[in-house]
Amino acid sequence: MPERLKQIIDKIGDWWKRFSTKQKTLIVSIAAVVVVALIILGMVVSRPTMVTLITCDSATQASQVKDLLDGESIPYELSQDGLTFTVNKKDEANASILLGSNSIPSEGYSIDDAIDGSFSTTEADKTKKYQLYLESAFADRLETISNIETATVTLPIPEDDGTIISQGQDTYASVILKLNGEMTDDQAAGIAQYIATEVGNDDTDSILILDSDGNVLFSGGDSNSQTGNANSQLALTSKTENAVKSKVKDVVLGTDVYDNAEVGLNLVLDFDKTDVTDHEYYVADGQTQGYLDSESSYESESDGGAAATPGTDSNDDTTYVIQDNNTTHTTVSDYSKDYLPNERITTTTGSVGNIDYDQSSITVALTRYVVYNEDALKADGTLDGMTFDEYVAANSDRVKTDVDPDFYTMVSRATGISENNISIVAYDVPFFQYSENNGRTLTDYLQIALAVLILAMLGYVVFRSTRKEEAVEVEPELSVESLLETTKEAESEQLEDIGFNEKSETRLMIEKFVDENPEAVASLLRNWLNEEWN
């Protein structure tokens, strides 16, 4: 490898040496320009596109926005006055939803296209165009969220006819989302809060979000209820059951006694809403009565007795007033005081979706895997007189076992359901493990042989690629003069008689030379002919 690398470097050096100094300077200059241009292009392409997120009205609002963006690790840039925030275009949707969830409206949409029109364009037309623009803008913003593929937004903006009623109406928003993943209730609630903030609603009561399958992700009518975002009793029941199942599995499997647990629930939830008002009266400490609220008194005196006939009858006789004890004297006194005792009024609103523990029940099926190892059974003598397959056939059925009473207590305390409403069954399920020393089959040996063969071939290829090539010695070419001298020496020597079919060593050498070097022989003949011609 180092020799080959050195050869490549040498070739590059030879190629570079072929150019003149002027050519080398030109090549270096062009390469430098290309590199600088690529660097500038990369910086321009990779530079993020910044868009205005919000222009704050005050430094207090700017501080809140800054804390929110820093808390979610969203990069941003601030203007010199510290009121305008710009973010990367790819983070615009998340940042807008973040601000909307905290009741901070982001930068308003540009409505130049919506209000642009001719003199014949009415205010109703402009309102409709503005509504269509907002619907498109909301859809575009929502589609930038990772788990939303497409979004359709409808905003029936109430008509402003100048009345007080129309000014207090909320804008309704219906959103249909095509999802490419799961959406949590918190995320759906955040999107609803964002839309409500952007359209100017005080709450999310007028927001409805559906998925493409018609499932309700968020319903504004349920936003203030204690069921949260569970839009039906079935959804809330399913959530509660999953929570209870998780608790049961955690406590049961946490003992490491069983390997698996399946939980069945008959969970009864109370969806009746109950309001209870309690009035409690009491007096302050150290007093026997409350504070005086009002006081009144009444006193009256009167005298009475027998009298003459009323009317115009004349008094014929002279009368004298004589004390005859037939008169009465009455005195009336009435005193009234009203006191105000302290009063405590307690209003209790019953929560919706509470578990009725007395009516609910739970069933738990526990499984414990029992491993039977063939080698261990052979060692302890269990397989004496029988094969492992026979043992498997005789013990393959699962066995019901007794459950420790402590498990009933654990499940009851984890769920709140009475032990009388808890049923637990447990089974031992056999798991048979055959011996690892049963001998190898023909297939195993073939696989081993094939692996060895492949490794040998790879080793040979690596060895051949790393071995240095031996230099082939080139035999020196036989010159014409050497051949002539050899021929003359051979003719001067006395040779033994050779048979008709035998060839001398010199003749064989000449024939070999002619076969291997026909061009040299042709050149020799040409030289002879030229010498004879001259």
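Author: Strands (E, at least two residues) and helices (H or I, at least four residues) are DSSP runs, numbered from the N terminus. This is a predicted model, in which local features need pLDDT of at least 70 and side-chain atom pairs count only at pLDDT 80 or more, while totals for chains, interfaces and linings use all residues. Residues are numbered from 1 along each chain as its sequence is written, and side-chain values use heavy atoms, with hydrogens and water left out.

Strand β3 covers residues 84–88 and pairs with β2 in the antiparallel sense over three bridges; two strands count as paired if DSSP finds at least two bridges between them. The open sheet to which they belong has three strands, in the order β1-β3-β2, with antiparallel pairing. Its edge strands, each pairing on one side only, are β1 (50–55) and β2 (76–78). On average, neighbouring strands here are turned by 30 degrees against each other, direction ignored.

Two helices accompany this sheet. Helix α3 (residues 59–71) lies across β1, β2 and β3 and runs at about 20 degrees to β3. Such angles run from 0 to 180 degrees between N-to-C directions, and axes are lines fitted to C-alpha atoms, for helices over the stretch in contact. Contact means heavy atoms within 4.5 Å. Helix α4 (residues 92–101) packs on the sheet as well, touching β1 and β3, and its direction makes about 10 degrees with that of β1.

Eight of its ten residues are buried, so α4 is largely enclosed by the rest of the structure. Buried means under 20% relative accessible area, with exposed over 50% and partly exposed in between (1.4 Å probe, protein chains only). Among the buried residues of α4 are Glu92, Ala93, Leu98 and Leu99.

Helix α4 also meets helix α8 (residues 185–199) at an angle of about 80 degrees, with their axes 7 Å apart. The two helices are therefore roughly perpendicular to each other, a term for angles of 65 to 115 degrees. Ser96, Ile97, Gly100 and Ser101 of α4 make this contact with Gly190, Ile191, Gln193, Tyr194 and Thr197 of α8. These residues divide into three nonpolar, six polar and no charged.

How values were computed
Angles under 35 degrees count as roughly parallel, over 145 as roughly antiparallel, 65 to 115 as roughly perpendicular and the rest as oblique. Ala, Val, Leu, Ile, Met, Phe, Trp, Tyr, Cys and Pro count as nonpolar, Asp, Glu, Lys and Arg as charged, and the others, Gly among them, as polar.
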